[in-house]
Amino acid sequence: MARPIQKLQSVYSTVHIIKRIRLGGVYHIQKCLFHLVEKRSTSFKAFLTLPITLIPPVMAATTQTSTELQKVIDESEALYEKKDFPGCYDLLVAHENSNDANILWRLARAATEKGKMGEGDERKKYIYEAWGYISKALELDNTNFACHKWYGILLDYTAEYEGTKQRISNAFKVKEHFMKAIELNPKDATTLHCLGYWCFLFADMPWYQRKVASVIFASPPTSTYDEALEYFIKAEEAEPDFYNQNKVLLGKTYMRLKDKETAKKYLLKALEHEDKTTDDAKARKEAVDLLKELGIKV
C-alpha cells in the first residue's frame, strides 16, 4: 500500500502547487520548482506529466500590468500634447521604478520639460534626474527610437553643466544616438531637428572651441550649414510647425548662407506661432533679435 499512498500524496502535492501558482503567479512557480528539485520530490515528476491545459496562464498578470501601463502612457501623451509638463511628470514619476522603457523615456522627457520651465539648480536637478531615467530606458530597450533620441538629447544637456570640453567629447556619441533613432524611425521630426542642430553647432563653432576639439580628437567633429539646413527642412516636412525653434534655426541657417529673403520668411513665420512653452518664448525672442539684424522692425 505504500506506493499508492505515495502516489496519492504526489498528486495532492501537485494540485497544491497549481493552487499556489494560480494564487501567486511567477514568483510561486519559481519557489515551488526550486523546492521540488531540491527535495527531488515525486511531485515534480507528477507536475511534469500534467496536461498542458492544467498549467495556469501565468502571463495573465503581466498582460494586465501592461494594459494598466498603456493607460498611463495614453494619459501622459494627452497631458504632454496640452503642454502640461508638470502634470505629465507627476503622473509618470509614480512609475519611476518601472521596467517598461516606454514609461521611462516618457518620464525622462517630462522631467526634462519640467526642468526647462525653471532655471539654475532647479533645471539642473531635473535634467540629471531625466538622465537617470533615460539611461535605464535604453538599457531595457535599445531598439526603441525614442530611447536613443532622448539619450542623445540628455547626454548633451548634462554636458552643458560639465563644460565645453565635455560637450565636445560627447559629440560623436550624441550624433550616434540620433542617427540610430533616425534609422529606427526615419520620419521623427524631433530627431531630424536634433541632427540639424548638431550640424549647425559644429558648422557655427568659433575658433577657440575648434581648438579644444582638435585637442580631444585627432579628427574633430565637423559639419556644414548646408547639412544642417537639410535636416531642418526634413523636420519641418515630417511635421509642420512641430517646434518653433526649428523655424528660427531655418532662418538663422539661411542667414549664415547669405539668403536673407528666405531667412526673413521663416523668422516672420516663427512670430506667428502661439507661445505655449519656455522654448516657444525663447524662439520668439531669438526670431525678433535676428530680424533686427536683418533690419526688420517687428
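Let's start with Lys252: it is buried, at 17% relative accessibility. A quick reminder before we go on: this is a predicted model.

So what does Lys252 pair with? Lys252 makes a salt bridge to Glu286, and their closest N and O atoms sit 2.9 Å apart. Lys252 is in helix H14, residues 244-256, while Glu286 is in helix H16, residues 278-293. The pair therefore ties together parts that are 34 residues apart in sequence. Glu286 has 22% relative accessibility and counts as partly exposed. For anyone new to this, side chains of opposite charge can pair when their charged atoms come close.

How many salt bridges are there in total? The count is 18. Let me show you two more.

Look at Glu230 and Lys234. They form a salt bridge, with the closest N and O atoms 3.3 Å apart. Both belong to helix H13, residues 225-238. They are four residues apart there, so about one helical turn separates them. Glu230 is partly exposed at 42% relative accessibility. Lys234 is partly exposed too, at 36%.

Next, helix H15, residues 260-271. Here Lys264 bridges to Glu261, with 3.6 Å between the closest N and O atoms. These two are three residues apart in H15, about one turn of the helix. Is Glu261 buried or exposed? Glu261 is exposed, at 55% relative accessibility. Lys264 is partly exposed, at 26%.

Some bridges also share partners. Arg123, Asp156, Glu160 and Arg167 are joined that way into one network.

Hold on to Asp156 for a moment. Lys175 is 19 residues from Asp156 in sequence, and their C-alpha atoms are 9.8 Å apart in space. Where is Lys175? Find it in helix H10, residues 171-184. Lys175 is partly exposed, with 21% relative accessibility. Which residues does Lys175 touch, once we skip those up to four places away in sequence? The answer is Leu195, Trp198 and Glu227.

Now to the inside. The largest nonpolar core has 73 residues. Which members touch the most others? They are Leu92, Trp105, Ile134, Ala137, Leu154, Val248 and Leu267. Helix H11, residues 189-203, gives this core its largest share, nine residues.

Pick out Trp105 on the screen. Ignore its neighbours within four places in sequence. Trp105 is then in contact with Glu77, Ile134, Ala137, Asn144, Ala146, Cys147 and Trp150. Two of those names, Ile134 and Ala137, were also on the list of core residues with the most contacts to other members.

Last topic: backbone angles. Most residues other than glycine have a negative phi. Lys83 is not a glycine, yet its phi is positive, about 65°. Where does Lys83 sit? Look in the loop between helix H4, 60-81, and helix H5, 85-93. Lys83 is partly exposed, with a relative accessible area of 31%.

Lys258 is another case. Its phi is positive, about 70°, and it is not a glycine either. Lys258 lies in the loop between H14 and H15. Is Lys258 buried or exposed? Lys258 is exposed, with a relative accessible area of 72%.

Buried Lys252 reaches Glu286 in a salt bridge. Thanks, and over to your questions.

How values were computed: Residues are numbered from 1 along each chain as its sequence is written. This is a predicted model: local features need pLDDT of at least 70, side-chain atom pairs count only at pLDDT 80 or more; totals for chains, interfaces and linings use all residues. Side-chain values use heavy atoms; hydrogens and water are left out. A salt bridge is a side-chain nitrogen of Lys or Arg within 4 Å of a carboxyl oxygen of Asp or Glu. Buried means under 20% relative accessible area, exposed over 50%, partly exposed in between (1.4 Å probe, protein chains only). A nonpolar core is a set of buried Ala, Val, Leu, Ile, Met, Phe, Trp, Tyr and Cys residues joined through side-chain atoms within 4.5 Å. Contact means heavy atoms within 4.5 Å.
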